Amino acid sequence: MFVMSIWGTSLSLSSRSLAIALVLCLTLLYFSYSFNACLLASISRSLQQSNLRNLLSLTSTPRNESSSSSNDSATPAATPSANTTGSTGTGSTSNVPAAVGIASGSDGSPKYQLLRQPGLRPSRHLPDTLIIGVKKSGTRALLEFIRLHPDVRAAGSEVHFFDRHYQRGLRWYRHHMPYTIEGQITMEKTPSYFVTKEVPQRVYHMNTATKLLIVVRDPVTRAISDYTQAASKKADMKRFEQLAFVNGSYSVVDTNWGPVKIGVYSRYLERWLLYFPLSQLLFISGERLIMDPAYEIGRVQDFLGLKRVVTEKHFYFNATKGFPCLFKSEARSTPHCLGKTKGRNHPHIDPSAIERLREFYRPFNNKFYQLTGINFAWA
Ligand code: A3P
């Protein structure tokens with residue numbers, strides 16, 4: 001009896017200690033599992049962050065280089081026949097950014113697949129739309145106004161790819177473009193494109209579907225604006241009247257002088273129309289861009305297939321500056337106008353000289369109205 005009770009006690013003691021040991025083991029297991037899980041989560045988080053950083057510094061893939069763009073040197077090809085049908089030939093594009101592996105670590109795991117979805121990865125693309133001119137007609141105002149739209153991203157400065165840096169190739173050009181995501185338009189403005197002979201063909205070879213924006217202004221006012229800008233950089237510049245005419249009289253206009261020459265819009269437009277149909281060009285009135293910027297920007301948004309987001313609510317008229325200004329922009333959240341170099345005071349020009357220039361431009365303006373189908377009603 002006595003032996004039985006001792007045996008019973010020791011049995012109950014050993015099963016209690018077994019239970020305690022079991023609980024201890026389970027607790028230990030739980031803590032070690034939690035610790036490992038935390039460790040793994042933090043490693044994966046830091047890996048993701050470093051991958052995103054890599055993404056932003058990566059050279060991106062082309063969206064709309066011409067189909068021959070594997071040759072990135074952008075060597076000009078043979079001149080195409082007049083393209084008035086808007087066909088997409090060599091420049092046909094895919095709007096989906098190519099799914100490129102992330103740095104060297106592309107391994108097809110779900111993490112990479114998520115980041116490789118088109119549109120999630122910001123990348124640089126060749127422009128879909130160009131503001132090709134005309135110099136001193138309001139090209140900066142147009143760019144600053146249209147880039148208020150969240151679906152438009154623009155290169156900050158004039159890249160001059162098609163006129164000065166063409167030999168550097170499309171890869172170089174693309175590198176100067178801003179990062180965009182799927183659905184955003186890439187835009188660039190270089191006003192000298194409009195008047196540079198080789199540019200229409202070069203743009204055509206990049207992408208036949210490129211949309212072209214052209215701001216135009218009364219060529220006489222434009223010439224004076226051009227002169228004013230040049231004179232602001234050169235102290236001893238001759239008077240406008242001396243430069244605009246040959247032999248000091250107002251009888252012969254100096255058509256070789258840049259500020260006069262650029263105003264013969266029809267001449268340059270004819271070259272563009274050899275490569276692009278009129279439907280791919282939008283003409284913006286420089287005068288109306290000052291009087292009613294919302295109206296002109298509305299037309300631009302329609303032309304680019306964008307929702308009308310930029311409206312009259314974005315503009316106010318600054319009486320001191322004498323021009324429309326912005327309540328806020330991509331760069332600044334406070335009301336501001338364009339810089340000092342935009343909206344300068346023009347010097348007084350002899351009215352007879354102005355009248356003679358108007359007479360000179362009249363037939364060219366009429367030709368331009370005929371080509372565009374728009375009467376700009378310049379005097
Ligand atoms: P002026 O400085 O001669 O007045 P661009 O940007 O192509 O060089 O054109 C400059 C012209 O844009 C200016 O010429 C000005 O008339 C015009 N412009 C149009 N909208 C403007 C704005 N909101 N603020 C300043 N200038 C504007």
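Reader: By class, how many nonpolar, polar and charged residues does the lining of the largest pocket have?

Author: In this predicted model, the lining of the largest pocket has eight nonpolar, eleven polar and eleven charged residues. That pocket has a volume of about 630 Å³, and among its 30 lining residues it is Lys136, Ser137, Gly138, Thr341 and Lys342 that lie nearest the centre. Two or more residues of the lining come from each of helix 3, helix 6 (219-233), helix 10 (286-291) and strand 11, and helix 3 gives the most, with four residues.

The ligand belongs in this description, for the space that the ligand takes is the largest pocket itself. Around the ligand stand 18 residues, of which Thr139, Ser225, Lys342, Gly343 and His346 come nearest. Sorted by class, this shell holds six nonpolar, seven polar and five charged residues. Helix 3 (139-146) and strand 11 (323-326) each supply at least two residues of the shell, and here too helix 3 is the element that gives the most, with four residues.

Turning to individual atoms, a polar side-chain atom of Thr139 lies 2.6 Å from an oxygen atom of the ligand. In the case of Lys342, an N or O atom of the side chain is 2.8 Å from a ligand oxygen atom, while with Ser137 it is a polar backbone atom that is 3.3 Å from an oxygen atom of the ligand. As for cover, the ligand taken alone exposes 570 Å², and the protein buries 97% of that.

Val134 is found in the loop between strand 2 (129-133) and helix 3, and the peptide bond that joins Gly133 to Val134 is cis, with omega near -5 degrees. Lys136 has its place in the loop between strand 2 and helix 3, and its phi is near 65 degrees, a positive value in a residue other than glycine.

How values were computed: Residues numbered from 1 in each chain as written. Predicted model: local features only at pLDDT ≥ 70, side-chain atom pairs only at ≥ 80, totals over all residues. Heavy atoms only, no water. Near = heavy atom within 4 Å. Polar contact = N/O pair within 3.5 Å; in protein donor to acceptor, adjacent residues only side chain to side chain. Areas by Shrake-Rupley, 256 points an atom, 1.4 Å probe, with all protein chains shown as cover. 1 Å grid on protein atoms, 1.4 Å probe; cavity = no way out; pocket = protein on both sides within 12 Å on 5 of 7 lines; lining within 4 Å. Sits in = over half its atoms within 2 Å of the grid points. Nonpolar A, V, L, I, M, F, W, Y, C, P; charged D, E, K, R; others polar. Points joined across faces, edges and corners; volume = space filled by probe spheres on them.
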